[in-house]
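Below is a short briefing on one protein chain. It takes up confidence, fold, surface and a single residue in turn.

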Amino acid sequence: MPLADHLRELRNRLAKAMLAVTIASVVAAFYSQDLMRILASPVTTCDKGVLETGGKCATIVYTDLLSPFTTTVKVVMMAGIIAACPVWLYQLWAFVAPGLHKNEKKYTYFFASAAVPLFAAGAYLAFVIMPVSMKVLLSITPDTAANFLEVDKILDFAVRMVLIFGFSFELPLLLIMLNVAGVVTGRRMAGWWRGVVMAIFVFGAVATPSTDPLGMIALAGPIIVLYFIAVGIALLNDKRRRRNDPDAELDDDEASELDLTPDGIGAIESVPASRALPEQATGEADGGRSNRLNGYDDVT
């Protein structure tokens, strides 16, 4: 299609995706109170009318006049984006799919079907870890102070945890994609395991909003397991590739093994002489003979 048609198609796809997100957000607005309770559930809250010092519990508060409204809008919009993800993911796929070949579509189906469960597993693990992480963070509070947590801060903490855990679980899928594309081999991935394990633990310590070691281990442990699963899948894929094509793993500038054994030379056969020369064309130079032994004459 011309560029204008592509832009028009993109506009229509975006409009449908935004309409789906808007409708889902409007529906989520009717359940905003339930969503706010789910959001605050990882926090150990104090009893009503009781102000306790130390790190036993916390009181959830709003510190600004517009905070209840803005926080509710954020929660409702986030719920709308999550609830409408099948629609806007399909619109994205429908825009990209016409430009893909058949085998590319096959791999896209596989990676898309694997990416959603991996992200969901990471998000679920984040919700499991959040209560423990918040309890550890609250326990640092001195006995002479009380905890007042803003809902905005809780929302930011939850979103960061979900996104970090969810996207971290996509790392093995990225490695498999690179292996399928021929960028990296399974043997090379297996040789990186020491550095990868160390890097994953460092990433878990830096990326998690909580500073407790439990959050780091909870993030790093599953990723390491998924990494070795990805290495196993890559090794199986390399084995299949070598079986179909022995030279599949060679680099572009790496020569394959060649059979340099010379072939035997057969018997000499007679070839008619060329008539390109004038004396050959007239037949005067050789007395009217048109053939030469082995195709050669005196002039040649």
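Helices (H or I, at least four residues) and strands (E, at least two) are DSSP runs, numbered from the N terminus. On that basis the protein chain reads α-α-β-α-α-α-β-α-α-α-α-α-α along its sequence, with eleven helices and two strands. This is a predicted model, in which local features need pLDDT of at least 70, side-chain atom pairs count only at pLDDT 80 or more, and totals for chains, interfaces and linings use all residues. Residues are numbered from 1 along each chain as its sequence is written, and side-chain values use heavy atoms, leaving out hydrogens and water.

**Confidence**
- The mean pLDDT (the predictor's confidence in each residue, from 0 to 100) is 78 for the protein chain, and 83% of the residues score at least 70.
- Helix α1 (residues 3-29) has the highest confidence, at 89, and helix α11 (residues 278-282) the lowest, at a mean of 50.
- The pLDDT is below 50 over residues 282-286, a stretch with five contacts (heavy atoms within 4.5 Å) in the model beyond near neighbours in sequence.
- Where pLDDT is low, the predicted coordinates should not be read in detail.

**Packing and surface**
- Of the 300 residues in the protein chain, 30% are buried, meaning under 20% relative accessible area with a 1.4 Å probe, protein chains only.
- Of the contacts between residues at least 6 apart in sequence, 74% join residues at least 24 apart.
- The accessible surface (Shrake-Rupley method, 1.4 Å probe) is about 20,000 Å², and carbon and sulfur atoms account for 65% of it.

**Ser67**
- Ser67 lies in helix α3 (residues 67-83).
- With a relative accessible area of 8%, Ser67 is buried.
- Leaving aside residues up to four places away in sequence, Ser67 touches Tyr62 and Asp152.

Note on methods
Buried means under 20% relative accessible area, exposed over 50%, partly exposed in between (1.4 Å probe, protein chains only).
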